[in-house]
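Here's a quick briefing to read with the model open beside you. Start with the picture, then work through the points by topic.

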Amino acid sequence: MKIEILGIVMMILLVMALAIPLGKYIAKVYLGERTLLDRVFSSLERLFFTYSGIDPNREMTWQQNLKALLTINIVWFFLAIFILMNQAWLPLNPDKIPSMSPDLAFNTAISFLVNCNLQHYSGETALSYFSQIAVIMFLQFVTAATGMAAAAVVFNAMRQRSTDKLGNFYTYFLKSCTRILLPVSFISAVILLFSGTPMTFEGVQHFTTLQGDSASLARGPAAAMIAIKQVGTNGGGFFGVNSAHPFENPTYLTNMVENILILLLPVSMVFALGHYLNRKKLSWTIFGVMTTGFLLLLIPALYQEMNGNPALSAMGIHQPMGNMEGKEVRFGSAASAFWTISTTITSNGSVNTMHDSLTPLSGMLAMLGMMINSFFGGVGAGFLNFYIFIILAVFISGLMVGRTPEFLGKKVEAKEIKIAMIIALIHPLLILSGTAIASYLYAVNPAANAGWLNNPGYHGFSEMLYEYTSAAANNGSGFEGLGDNTPWWNISTGIVLILSRYLPLIGPVAIAGILAKKKYIPETAGTLRTDTASFGLITFVIIVLVAALSFFPALALGPLAEHFLIQ
Amino acid sequence: MKQHILPAIKLTFFSILLLVVAYTGAIWGIAQAATNRGKGETIIVNGKIAGYDKVGQRFDKDHYFWGRPSAVSYNAAGSGGSNIGPSNPDYLSEVQARVDTFQAHHAGVSLDKIPSELVTASASGLDPHISPEAAYLQAKRIAARRGLNEAVIMQLISQHTEKPFMGFLGTYKINVLKLNIALDEINKQQ
């Protein structure tokens with residue numbers, strides 16, 4: 001066993017040690033119980049609500065909550081697109097960066113609005129510092145809080161009672177910002193700052209290198225943004241190469257901190273659910289399913305990356321550090337593989353290694369993480385995806401044993417199943433039809449679209465498949481060889497992004513809202529228990545079946561074919 | 001939806017005050033206490049900035065240790081990796097060309113001794129490090145070019161080897177810029 005594995009074990013243990021207490025804290029915040037930060041933020045929140053004309057204690061139905069959510073999202077969209085298209089004359093632009101083109105601004109605004117952070121631009125050269133903090137960083141906070149608020153509405157709906165009053169979106173939203181995202185980001189930013197990440201408003205620095213070349217170096221207010229980028233499962237980097245950049249992720253220790261942050265809130269949300277409903281066993285069942293999935297993706301990826309690229313081995317090249325194309329020496333291949341799987345299962349999408357240069361199977365495992373998109377998943381949004389699979393699992397196990405399907409004392413009926421089916425199927429539909437159309441366009445006119453693909457053959461297909469997968473999973477990582485800053489890619493992925501963000505938010509909230517209104521049936525000996533290992537297993541099998549059946553043919557054409565080519 | 005628009009706009013305004021203005025301001029304020037006031041840690045040689053200790057720079061001259069290949073030739077104003085897939089035939093011939101160049105400058109080094117990070121492009125194009133093995137391989141060339149004893153170079157490499165934190169968190173690595181500055185120092189002393 002290589003010693004690098006110990007670093008991975010350490011990160012997993014630290015995530016657990018932090019996520020369990022943080023989950024409890026999050027539950028307290030959403031239950032409105034007293035917490036440590038009340039003193040700092042209570043009066044500030046009251047002030048914000050008073051001057052915004054919001055009554056934070058007004059309980060809203062699920063429809064009203066969704067309306068509030070969507071309205072504020074539209075406001076952010078227009079704000080973002082305005083700043084991006086006018087950054088040239090706006091302040092904090094020392095390097096005179098021009099305004100964005102309309103299609104790129106559309107894609108960027110959408111991409112950050114939906115918490116995806118697909119970046120068809122490079123941060124150093126395409127964004128002013130004003131855009132970085134007022135658009136990118138701002139959206140990284142508020143969109144994460146949006147996902148968390150939606151999850152909080154669903155938590156609320158799962159309690160044992162019959163009601164149509166499911167809390168107040170604005171309260172959940174603002175508290176997610178002030179009580180959870182802001183304090184965790186603040187601490188993380190300070191750690192990064194003292195580890196070598198810059199935080200300055202000065203522009204590019206010119207200097208002469210030791211061997212006499214003239215060089216330029218980009219800097220900026222990076223530390224503040226990188227913290228929330230990881231905490232809120234956003235993933236959009238300050239610099240073009242994201243957390244592979246020596247300023248964005250300077251040491252092995254910052255790499256550990258950032259990787260722990262990637263997993264922290266998604267894991268905490270699972271424990272928060274248990275505390276919120278006082279059903280800790282249910283939390284552990286969900287945690288067990290998600291962790292099993294995580295490990296099944298992680299272990300082969302670690303093995304592949306640490307073993308190196310078979311095509312280079314065939315040339316007789318010695319690969320003591322593993323597959324080092326697109327990797328940094330300070331992280332090594334194990335920590336890079338761990339990050340790859342962490343970032344794709346959680347819909348984070350930041351990278352510390354170039355996914356395009358992963359070995360074919362690791363690239364496939366990264367795609368699978370996003371295709372499944374519910375092993376932890378994004379903050380809030382990941383739990384909502386898993387909720388859909390729970391509903392499906394309840395229904396299918398109900399059919400198998402011949403009982404009326406029930407979940408937490410509520411009958412699951414036709415309407416809920418219909419919504420769940422649509423949400424479960426929209427994901428493969430968007431990915432596969434997007435890839436199919438793009439492949440067709442490329443195939444009929446390879447000369448006109450030659451700039452799209454950086455690699456020939458199976459790998460070229462993988463680049464397109466990865467892009468739509470990342471967009472539909474609201475992940476934001478990429479096989480960056482894809483020449484994606486063209487109207488086709490900006491607009492088509494933009495549409496995929498919108499549909500794949502809002503439908504999976506609306507669906508679970510609607511199901512939860514409908515269930516909450518139904519009569520509560522106390523559990524009896526005949527009730528199907530959802531907090532057992534056997535129910536966990538059924539959920540796991542359903543998740544795997546949906547992913548395998550939908551995606552296996554596409555994976556066979558891309559990464560699997562490439563794997564067998566170079567074996 | 002109408003009743004939500006005004007509250008949404010106002011709440012957005014207050015959120016910006018807190019999350020953008022106050023938060024960024026606070027972190028920037030704390031940065032004033034960090035190394036070089038949060039502008040990135042520089043390395044000064046002869047009173048001038050020679051580089052940043054975290055950011056790699058290009059070394060391709062024979063009297064310096066070489067760093068890793070870079071897809072953006074170490075452009076620190078536009079980072080980038082190669083984004084080349086593992087099976088790409090052009091890529092494989094590029095790696096072979098790098099091996100040939102390395103062997104041309106290091107007579108007698110056989111293929112199975114060259115660690116892959118010396119012939120593969122880093123993720124950022126700005127990787128400041130190489131492994132100790134990659135440095136030891138270059139010692140003979142540098143000793144010859146600088147008229148130094150090979151043992152002195154070997155010792156310098158071992159002094160500059162950074163071990164994993166607490167012995168198990170991280171990789172064994174060498175900061176190429178710092179090692180090359182130390183090389184220049186030795187020549188100056190003689």
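Is B:Arg146 buried or exposed? B:Arg146 has a relative accessible area of 12%, so it counts as buried. Keep in mind that this is a predicted model.

**Where the chains meet**

- Chain A and chain B bury about 8200 Å² between them, and 69% of that is on carbon and sulfur atoms.
- On the residue count, chain A puts 112 residues into the contact and chain B puts in 94.
- The rule picks out 36 residue pairs in polar contact across this interface, both partners being at pLDDT 80 or more.
- On the chain B side, the elements giving two or more residues are α1 (2-31), β2 (48-52), α2 (89-105), β3 (129-130) and α6 (176-189).
- Of these, α1(B) supplies the largest share of the side that touches chain A, with 22 residues.
- Salt bridges across the interface come to two.
- A:Glu202 and B:Lys39 form a salt bridge, with their closest N and O atoms 3.2 Å apart.

**Chain B in two pieces**

- Chain B splits into domain 1 (1-39) and domain 2 (54-189).
- Going by C-alpha centres, domain 1 and domain 2 of chain B sit 42 Å apart.

**Nonpolar cores**

- The largest nonpolar core runs to 210 residues, and A:Tyr30, A:Phe173, A:Phe383 and A:Tyr387 have the most contacts inside it.
- Helix α6 (residues 129-157) of chain A gives the largest share of this core, 21 residues.

- You'll find B:Arg68 in the loop between β2 and α2 of chain B.
- B:Arg68 counts as buried because its relative accessibility is 2%.
- The side chain of B:Arg68 makes a polar contact with the side chain of B:Asp127, at 3.0 Å.
- Beyond neighbours within four places in sequence, the contacts of B:Arg68 in chain A are with A:Met324, A:Lys327, A:Glu328 and A:Val329.
- Within chain B, the contacts of B:Arg68 include B:Tyr74, B:Glu117, B:Asp127 and B:His129.

**B:Gly40, a loop glycine**

- B:Gly40 lies in the loop between α1 and β1 (42-45) of chain B.
- With a relative accessible area of 4%, B:Gly40 is buried.
- Setting aside residues up to four places away in sequence, B:Gly40 touches A:Pro198, A:Phe247 and B:Tyr52.
- B:Gly40 and B:Val55 are 15 residues apart in sequence, and their C-alpha atoms are 9.4 Å apart in space.

**Charged pairs**

- Side chains of opposite charge can pair when their charged atoms come close.
- Over all chains, the salt bridge count comes to 22.
- One of them joins A:Lys229 to A:Glu248, with the closest N and O atoms 2.6 Å apart.
- That pair links distant parts of the chain, with A:Lys229 in helix α8 (residues 222-231) of chain A and A:Glu248 in the loop between α8 and α9 (252-277), 19 residues apart.
- A:Lys229 and A:Glu248 are both buried.
- A:Glu305 and A:Lys327 also meet through their side chains in a salt bridge, at 2.5 Å from N to O.
- Here A:Glu305 is in helix α10 (residues 280-307) of chain A, while A:Lys327 is in the loop between α11 (310-314) and α12 (332-345), 22 residues apart.
- Both A:Glu305 and A:Lys327 are buried.
- B:Arg146, the residue from the opening question, forms a salt bridge with B:Asp184, the closest N and O atoms being 3.0 Å apart.
- B:Asp184 is in helix α6 of chain B and B:Arg146 is in helix α4 (residues 139-146), 38 residues apart.
- B:Asp184 is at 21% relative accessibility, so it counts as partly exposed.
- A:Asp38, A:Glu45 and A:Arg179 are linked in a salt bridge network.

Conventions. Residues numbered from 1 in each chain as written. Chains lettered and ligands numbered in written order. Predicted model: local features only at pLDDT ≥ 70, side-chain atom pairs only at ≥ 80, totals over all residues. Heavy atoms only, no water. Core = buried A, V, L, I, M, F, W, Y, C linked by side-chain atoms within 4.5 Å. Buried < 20%, exposed > 50% of the residue type's maximum accessible area, 1.4 Å probe, protein only. Helix = DSSP H or I, 4+ residues; strand = E, 2+ residues; numbered from the N terminus. Contact = heavy atoms within 4.5 Å. Buried area = accessible area lost by both parts, 1.4 Å probe. Salt bridge = Lys/Arg side-chain N within 4 Å of Asp/Glu carboxyl O. Polar contact = N/O pair within 3.5 Å; in protein donor to acceptor, adjacent residues only side chain to side chain. Domains from an automatic or database assignment.
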